[in-house]
Amino acid sequence: MNRRKRIGPPSSHSQRKRRTGSGAIEPIPAGFAEQLPLSHTDEQAALLQALHAPAPTSIRLNPGKPFRIAADPIPWCPNGRYLAQRPAFTFDPLLHAGAYYVQEASSMLLEQAVRASGLIDRDVLALDLCAAPGGKSTHLLSLLTPGSLLVANEVHPDRRAVLAENCWKHGAPNVMIAGARAEDLMPLAAAFDLILLDAPCSGEGLFRKDHFARAQWSPDLVQHCAATQQVLVQAAWHALSPGGVLVYSTCTWEAMENEVQAAALIALGAERIELPLQPAWGVERSTLHGALGYRCYPHRVRGEGFFITVLRKPGSLPDRTPTIRTAEPLRLPWLKEELEFTAMDQRGTMHAMPARWHRTAERLRGPLRIVAPGLPSAEPKGAGWRPHPAMALSQALDRSALKEVPLTDDAALRYLRGEALPDTAAEGDALATIHGLGLGWLHGARTRWNNRWPAAWRIRAHASDAAAVPWSKQ
């Protein structure tokens, strides 16, 4: 699920819902409205009113795992859908199978940025620098060619675990998970063709759904965020190849955190890239400080607050012609052989790396603190190997020789809670499926299927006041 980035201490549920002594929700911070880059006071009033209205709910469908629903489309993202209300997503097995991702609609403007970059039809080496929880990484994986490689990076270990889980549930095998800091990019000058920097920020765009963002906001926080962003922007620009594209975004409206950051790169020769947006979408085009950016305001757009800008580095992109294979091909009975993987070990777990990127992956492993060098494909079992839980959800899984156990929605929920499933003839290893999608592994014990769903991914809640997802009734 989507949890947007902002600077500040990690917020628990109680912190995010923090209220004043009278029981009222935290008010809009004093001084906030006066600094907004809106030209008219009536616009400010409309925005403040919108910040007190319910936030829309939206999801992005996974094109690699076909799943259709009847819902309003998000105009700037073909796979985006608005829902009439926020259901109990946690109890939908299709969410855990990676059929869709719960994501805020405005942030799906990333689609238009990548399409405008000119890189969508060529194989590229891409980096999502501040990637957790994984909404934009999985969106990138849906947009980039299968021959591309994405490094999804998150410096904080807890958030990195969530990032890995979401990338593996998405199912695309051409992704590495990293834990690098900004300074770790210094040995990697001109390494990446596409870099996404969804920067930590002061979080103004989250005010109507994250009340902790309201509570922590201050002019000093804006200054602190801008200083952090400057370091990240310079590191990203250093690691971007000539001819490469930097997509910079935040969930705030502060010019200091947005246009000012872009202007510093324009002074170095960065080319501004126009996005092909429709006026009816309500997205504001901004040219503050000589930059070219796009703002989403919730009184104009059916979404939350968001800013995005796209910049190209002068020069020509490097040739990404596949190099000669230097490692033996990886052969596993559950891995599609035609995809041509090589093996990369990480703490005893065998990872599948697209063969064409093997040399590049080896070069990136040290500086970027890679924790998952490709798709986790096999883990030790006795003297042999068994498929890793990520394989059950992967588009690289060869299901032709696997025993499959289709689950009902109720059985899938019991599985997702870690329960064993009774059966009269449970033997060997099997793939649990839900509505035709791979979900997880089972091991037969005659009268039951033992559960191999990872403990860290288990559903621990048992009830919700929210309605069930609407497609469960279709």
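**Helices, sheets and loops**

Author: H5 passes H6 in a right-handed crossing, where right-handed denotes a near helix turned clockwise from the far one by less than a right angle, and left-handed one turned anticlockwise. The model is predicted, so local features need pLDDT of at least 70 and side-chain atom pairs count only at pLDDT 80 or more, while totals for chains, interfaces and linings use all residues. Residues are numbered from 1 along each chain as its sequence is written, and side-chain values use heavy atoms, with hydrogens and water left out.

Reader: What do the labels H and E denote?

Author: They are DSSP runs numbered from the N terminus: helices (H or I) have at least four residues and strands (E) at least two.

Reader: At what angle do helix H5 and helix H6 pack, and how far apart are their axes?

Author: Two packed helices are described by the angle between their axes and the distance between the axes. Helix H5 (residues 135–143) and helix H6 (residues 157–170) pack at about 30 degrees, with axes 9 Å apart. This angle makes H5 roughly parallel to H6; the class covers angles under 35 degrees, with over 145 roughly antiparallel, 65 to 115 roughly perpendicular and the rest oblique. Axes are lines fitted to C-alpha atoms, for helices over the stretch in contact, and angles run from 0 to 180 degrees between N-to-C directions.

Reader: Which residues of H5 and H6 meet?

Author: From H5 come Ser137, Thr138, Leu141 and Ser142, which meet Leu163, Asn166, Cys167 and His170 of H6; contact means heavy atoms within 4.5 Å. The residues of this contact divide into three nonpolar, five polar and no charged. Here Ala, Val, Leu, Ile, Met, Phe, Trp, Tyr, Cys and Pro count as nonpolar, Asp, Glu, Lys and Arg as charged, and the others, Gly among them, as polar.

Reader: In what order do the strands of the four-stranded open sheet lie?

Author: The order is E2-E3-E1-E4, with antiparallel pairing; two strands pair if DSSP finds at least two bridges between them. Strand E2 (72–74) and strand E4 (100–102) are the edge strands, each pairing on one side only. The twist averages 35 degrees from one strand to the next. E2 and strand E3 (residues 77–83) are joined in the antiparallel sense over three bridges, and proline 73 stands opposite arginine 81 in E3. H5 packs on this sheet, touching strand E1 (57–61), E3 and E4, and its direction makes about 40 degrees with that of E1.

Reader: What is the strand order in the open sheet of five strands?

Author: That sheet has the order E19-E21-E22-E23-E20, with mixed pairing. Its edge strands are strand E19 (404–406) and strand E20 (421–426), each pairing on one side only. Neighbouring strands are turned by 45 degrees against each other on average, direction ignored. Within the sheet, strand E21 (residues 429–434) and strand E22 (residues 437–444) pair in the antiparallel sense over six bridges, with isoleucine 434 opposite leucine 437 in E22. Helix H12 (residues 409–416) lies across E20, E21, E22 and strand E23 (446–451), running at about 65 degrees to E22.

Reader: How many residues lie between E17 and E18 in their hairpin?

Author: Two residues lie between them, and glycine 382 in the turn has a positive phi of about 60 degrees. Strand E17 (residues 375–381) and strand E18 (residues 384–387) pair in the antiparallel sense over four bridges; proline 380 stands opposite tryptophan 385 in E18.

Reader: Which residues other than glycine have a positive phi?

Author: One of them is alanine 190, with phi near 55 degrees, in the loop between strand E7 (175–178) and strand E8 (192–198). Another is histidine 289, with phi near 60 degrees, in the loop between E11 and E12. Alanine 190 is partly exposed, with a relative accessible area of 34%, whereas histidine 289 is exposed, at 53%. Buried means under 20% relative accessible area, exposed over 50% and partly exposed in between (1.4 Å probe, protein chains only).

Reader: Where is proline 133 found?

Author: Proline 133 is in the loop between strand E5 (125–128) and H5. The peptide bond from alanine 132 to proline 133 is cis, with omega near 5 degrees.
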